[in-house]
Amino acid sequence: MRSVTAITQVFGSGQKLVAVAVEYDSDIDGSTLSTSTFAVTDRTVTKVCTNRTADLAQRGRNGRYVVVELSPDDTAAALWVTQQGPGTPPDGGSGGGSGDDGGGPGAGGPVVGDTTPGGTIVAAQATLTQPGTVTTTRGRRYAGDSTARSTDAVVNLIVDDFRQLSFSDPATGQTLRYNLFVPKNYDRRKSYPMVLFMHDASVVNVATQGPLVQGLGAVCWASPEDQARHESFVLAPEYGSVVIDDNYEPSTLFEATANLVRSVTREYSVDPDRLYTTGQSMGAMMSLGLNIRYPDLFAAAFIVAGQWPQTQAAPLARKKLWILVSADDTKAYPGEQAITEVIQDQGTQVSTALWDGRSTPAEFAADVRGMKSQRAPVNFAAFETGTVVPSGSTTSAHMATWQVAYTIPGIRDWIMRQSR
């Protein structure tokens, strides 16, 4: 063995350690391997195959790397952990506890491994042994033994494609740490859309990468599949404090976020007519609030489990929105219903539907097509009562909504096709 690399992947419930890539000094014959060839402490080995890089592979191809895949359902797999479960707002509400004056962190901020009131990003580490024999493509045999080897490198799928940066806003005096995905074949002669993702309160004041690892809200737009369909920038700020609480009183980080969007748009070849916003819980509230305060900034918004006072909602009637919430969400659901009633009263068409939160990808795709066929500027979908929370789970409907929402690519496709 030359190296042992941990491989992580982000799911709706957060980042998990899903594989270990073992590098040898020669190409390995994948046909000689099985799930019993390797063992990983406290983990379930589900698949073993060879590859030419330290990456997951649908099909094995002989190379120097043996990829040992692990069950994402293992307790030890989770790398994003909160005090009340993955992604749960600290106060259990839709926004997130009491705000403060919006003071941002200094340069750098918390790092991986720090524990905060919101959550912790656990360092990706694993210990591996090779009890079985590994054979090279030239017939050389590496006998099994009980030597334990710890991972010495980490590959974070998609997450590593983001840059961690800092924005000092002269208008508000705030500093915002943020993550930015730049299209891999970025060409200044072209014009690109950009998606802004804003996290919920459980991610307040964690490491800069927090919005990337707590769920799919940011990274899904930067996946190879999404980028192949809609090449775009993805912007994900990390907030040092609660920006909007359940009293709907935004801190100055609210204004700083709008200024960050404008700054990145000027710095890169970003099309100001194709700016999109999305967020969950507190981030959904921010998306609604930003669209109300700056009605000409975003072309469309994906609102996931959030709400805003209906008395201020009239400007949303001129926006293109896709709203997704659970009927079991006692705050966000009635809040979104009230908003859509205001939008309809303004004369704007709203497409509505109830979805089964347990649907397969194909069923969700059909649901999205059904709503899109109505060609309404505002789409309001709710998960039916009792369907979004898995049986036996203690996850709240509020949190379960965003764990599912960003797995539905059809909604993202609709968002990305809108323009101002």
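Modeller: Contact means heavy atoms within 4.5 Å of each other. With that settled, ask away about this predicted model.

Biologist: Thanks! What covers the buried residues of α3?

Modeller: The cover includes β13 (162-168), β14 (175-181), β15 (192-198), β16 (233-238), β17 and α4. Among the buried residues of α3 are L253, F254, L260, V261 and V264.

Biologist: How do you know that helix α3 (residues 252-267) is close to its expected span?

Modeller: Its 16 residues reach 22 Å from the first C-alpha to the last, and 22 Å is also what is expected at 1.5 Å a residue.

Biologist: Good. What makes strand β18 (residues 300-304) mostly covered?

Modeller: Five of its five residues are buried, that is, under 20% relative accessible area. Both faces are covered, with A300, F302 and V304 on one side and A301 and I303 on the other. Side chains in a regular strand alternate between the two faces of the sheet.

Biologist: Now the rings. Why is the pair of Y24 and Y142 called stacked?

Modeller: Their centres are 5.8 Å apart, which is within the 6.5 Å limit, and their planes stand at 10°, under the 30 degrees cut-off, so the pair is stacked. The pair links distant parts of the chain, Y24 in strand β2 and Y142 in strand β10 (residues 141-142), 118 residues apart.

Biologist: Are those two residues buried or exposed, and how do you know?

Modeller: Y24 has a relative accessible area of 1% and Y142 one of 14%. Buried means under 20%, so both count as buried.

Biologist: And what kind of pair do F364 and F383 make?

Modeller: Here the centres are 6.1 Å apart and the planes are at 65°, over the 60 degrees cut-off, so the pair is edge-to-face. F364 lies in helix α6 (residues 361-372) and F383 in strand β21 (residues 378-383), so parts 19 residues apart in sequence are tied together. F364 is buried at 6% relative accessible area, and F383 is buried at 0% relative accessibility.

Biologist: Which residues do ring pairs link into a cluster?

Modeller: W322, W355, F364, F383 and W414.

Conventions:
Residues numbered from 1 in each chain as written. Predicted model: local features only at pLDDT ≥ 70, side-chain atom pairs only at ≥ 80, totals over all residues. Heavy atoms only, no water. Buried < 20%, exposed > 50% of the residue type's maximum accessible area, 1.4 Å probe, protein only. Helix = DSSP H or I, 4+ residues; strand = E, 2+ residues; numbered from the N terminus. Expected span 1.5 Å × (residues − 1). Phe/Tyr/Trp six-rings, centres within 6.5 Å; stacked < 30°, edge-to-face > 60°.
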